Amino acid sequence: MIQKMRKVQIIGPRGCLDDCIKALHDAAVVHIESVEAGPQEPFFSRLPMEREKLSEKSYLDKAAERLRNLLALLEPPPSYRTLRVGGGEIRKILDDITPVEERIKLLHARKDELTEELNTVNRYERLLAGFAPIVSRLGGLKNFDIIGLTIEKTREDIAKIIEAEINRITGGSYQLYAKDLDESSIGIVLTYPRQHEPEVRYLLSGKAINEVRLPDEYADMTLINALKQMGRRRGELPRLMEGVEGELNRIANDWYGVMAGLLRAVEDSIDEIGVLTYAAQTRFAFVIEGWVPVDVFEPFKERFLTLFGDRVLVRELEVEEREVQNIPVSIKNPWFLRPFEVFLGALPPPKYGSVDPTLYVALFFPAFWGLIVGDIGYGAVIFGLSLYLRKRFRANNTFRDIFTVLAVSSVAAVFFGFLFGEFFGDLGEKLGILHPLLINRVEALQTLIVLTMGIGIGHVLLGIIIGAVNHLLKGRAKEAVAKIAYLALVVSFLVILGIMFEYLPKGLLTPGAIVLIISFILLTVFEGVLGPLEFVKAIGNIVSYVRLMAVGTASVVMALVANQIGGLSENLVVGIIVAGLIHTLNLMLSVLSPSIQSMRLHYVEFFSKFYEAGGRRYTPFKKR
Amino acid sequence: MEKALVALAAAIAIGLPALATAWAQSKIGAAGGGTLAEKPELSGTIIILVAIPETMVLLGFVVAYLIISR
């Protein structure tokens, strides 16, 4: 439910401001608001930011940036404890980690260098393999230059032209070896007397010819020495990189928790300075305002009284009408409903004073989900999986909540499985251990359509009733009457439909028609032309619940198909494997599709009747 | 012959809304995918938007069933 909030004002001498902010930070219950200062509040002025605070903030901002960069350079160890760092220890620990920081940066630079070299060597691998045998044969020639070239295969004719030109330049004292390197290029190794180098280089500067250029660190070597050196380095580099990574991991093991704790402390200190921008001042006092949930207001007040005595005053302010829309929304439910709050995460928070739908979601989501899946076997498997995944992801609140909801819903699926007599489709029935207690889903389609529409009628009407009651409780008479007229219109229309399809006695026709006309007029008066449109939408919403039957039937038919195909095989093992594979696919769909359909029924059909989005989330000032 | 026509009518009653739903979901899904890349926090809204056109095929299903079960 949405908690009631109180507006608090904290007033104290300016000398106590820092201690007071720290106490607020530790209390972790106040959603701090900016105090109105200026022309509206002549006694208050904005609290000026002192130069010391500004330089402190700039120092902390830089430290936070530095720590974030450092943490990004380290791989988080599999398990580490975040160090608890007090605000006063920040500078000392920052100094302590300076040598570590330098070492990390050095190791990273080394790692980058080695990675780049390995990439270069790998790039030349193709050439190494192609040229090495030829170049090693030419290795002994002194006063001769050796160069490597690659030519695109489509320009093969160039090789002959080059050879003719080299022949002319060197007077026939050259050797040229050509070899296919891959599908698209030819490698050429050319040896020629060193005195002809300028003319040869000029000749080879054409566009289609690519000289094999060596990386900088090999530039001073001859081609053969460079290639030999690259071969050696290829063997060494992975080992060197492992060494660097090993040292980085050792540093991460020792320091990651310290750095993470330090970053947290730095960010907390930045937050504490940030609060100053929300505060106001008089000549001698500071003023801070915010919102506190009702149930923690008294303990919070007591806490400040114990800490500061009568030097700091905590008092409740009266909430003005214009402020009601801006009251932050804090949702607090009993532990067993809390996992279902995950559904509100996908929507903007509800307005303060409106309805928190968590209770209704907790009641209906598992029921709808179970009705769609409706299979003991599937329910049991999903229940087991959910419990395992819930344990596996217990550190992540959202995942933990999702798997808790799924576990609860799968219990409902087992329950409906008993009613429908389904255990992996009709397997239970075939084995003679299970029979439908209520209906057979494949045969009783019409019953299911009526049943699901009935659920739709109940759910949609409940939504309208919740909306009407909420308007009444909040004293919004016009909206409440409009909602009641809306309810009466939908009910009377359904009564007339019931009479037409002979579900209800004909005697109800006249009162039904009278209520229909009166409620239609009232709705049009209060809501305008959009009122009747809403009515049409509500009827569409009710029909939409047929999806509970449609998706469920699709799932059960697929389970039957799995059993039938599995049964076609004469080999028992093959049959079980085939049926198991189809059941696995159906099981995955059974998790996804019912979840989406049930969520949609809540978000679109149900919430649209009462949910008022647009609230501000309650975010208390607390440590990270 | 009449049986075949009834079956055809039911097929059309569910087939056309199915195509319409698919077309609408393809448009919404593509736009939704783009939106999620920019604002992952809107995932709930996108799920709702993608699921909205399904009502068409459900209504088609109900009509098809009414045709067949007459």
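Which residues line the largest cavity? In this predicted model, the lining is made up of A:Leu371, A:Phe420, A:Arg441, A:Leu448, A:Thr452, A:Leu548, A:Met549 and A:Thr553. A search of the whole structure turns up one cavity of 30 Å³ or more, and the volume of the largest cavity is about 30 Å³. Sorted by class, its lining holds five nonpolar, two polar and one charged residues. Two elements of chain A, helix 14 (445–473) and helix 18 (547–568), each contribute at least two residues to this lining. Helix 18 of chain A gives the most, with three residues.

Is A:Ser555 buried or exposed? With a relative accessibility of 10%, A:Ser555 counts as buried, because the cut-off for that class is under 20%. Leaving aside residues up to four places away in sequence, A:Ser555 touches A:Tyr378, A:Asn586 and A:Ser590. In helix 14 of chain A, the reader can find A:Asn470. A:Asn470 has a relative accessibility of 8% and therefore counts as buried too. Its contacts, again not counting residues up to four places away in sequence, are with A:Gly353, A:Ser354, A:Val355, A:Arg476 and A:Glu612.

The largest pocket contains about 1,300 Å³ of space. It is lined by 43 residues, of which A:Arg338, A:Glu341, A:Val342, A:Gly345 and A:Asp401 are the closest to its centre. Helix 9, helix 12 (397–420) and helix 19 (572–606) of chain A are the elements that give two or more residues to this lining. Which element supplies the largest share of the lining of the largest pocket? That is helix 12 of chain A, with nine residues. By class, the pocket lining has 28 nonpolar, seven polar and eight charged residues.

Not counting residues up to four places away in sequence, A:Ile288 touches A:Val8, A:Gln9, A:Ile10, A:Leu17, A:Ile21, A:Leu24, A:Ile32, A:Val35 and A:Ala279.

How many residues apart in sequence are A:Asp26 and A:Lys622? They are separated by 596 residues in sequence, yet their C-alpha atoms are 6.5 Å apart in space. Beyond residues up to four places away in sequence, A:Asp26 touches A:Arg303 and A:Lys623. With A:Lys623 there is a polar contact between the two side chains, at 3.2 Å.

A:Ala28 sits in the loop between helix 1 and strand 2 (31–33) of chain A. Its phi is near 55°, a positive value in a residue other than glycine. A:Ala28 counts as partly exposed because its relative accessibility is 25%. A:Phe424 is located in the loop between helix 12 and helix 13 (427–430) of chain A. Although A:Phe424 is not a glycine, its phi is positive, at about 45°. Helix 12, at one end of this loop, is the helix of chain A that gives nine residues to the lining of the largest pocket.

Methods
Residues are numbered from 1 along each chain as its sequence is written. Chains are lettered from A and ligands numbered from 1 in the order in which they are written. This is a predicted model: local features need pLDDT of at least 70, side-chain atom pairs count only at pLDDT 80 or more; totals for chains, interfaces and linings use all residues. Side-chain values use heavy atoms; hydrogens and water are left out. Contact means heavy atoms within 4.5 Å. A polar contact is a pair of N or O atoms within 3.5 Å; within protein, one must be able to donate a hydrogen and the other to accept it, and residues adjacent in sequence count only if both atoms are side-chain atoms. On a 1 Å grid over the protein atoms alone, a cavity is a set of points where a 1.4 Å probe fits but cannot get out, and a pocket is an open set with protein on both sides within 12 Å along at least five of seven lines; lining residues have an atom within 4 Å of a point. Grid points are joined across faces, edges and corners, and a volume is the space filled by probe spheres set on the points. Helices (H or I, at least four residues) and strands (E, at least two) are DSSP runs, numbered from the N terminus. Ala, Val, Leu, Ile, Met, Phe, Trp, Tyr, Cys and Pro count as nonpolar, Asp, Glu, Lys and Arg as charged, and the others, Gly among them, as polar. Buried means under 20% relative accessible area, exposed over 50%, partly exposed in between (1.4 Å probe, protein chains only).
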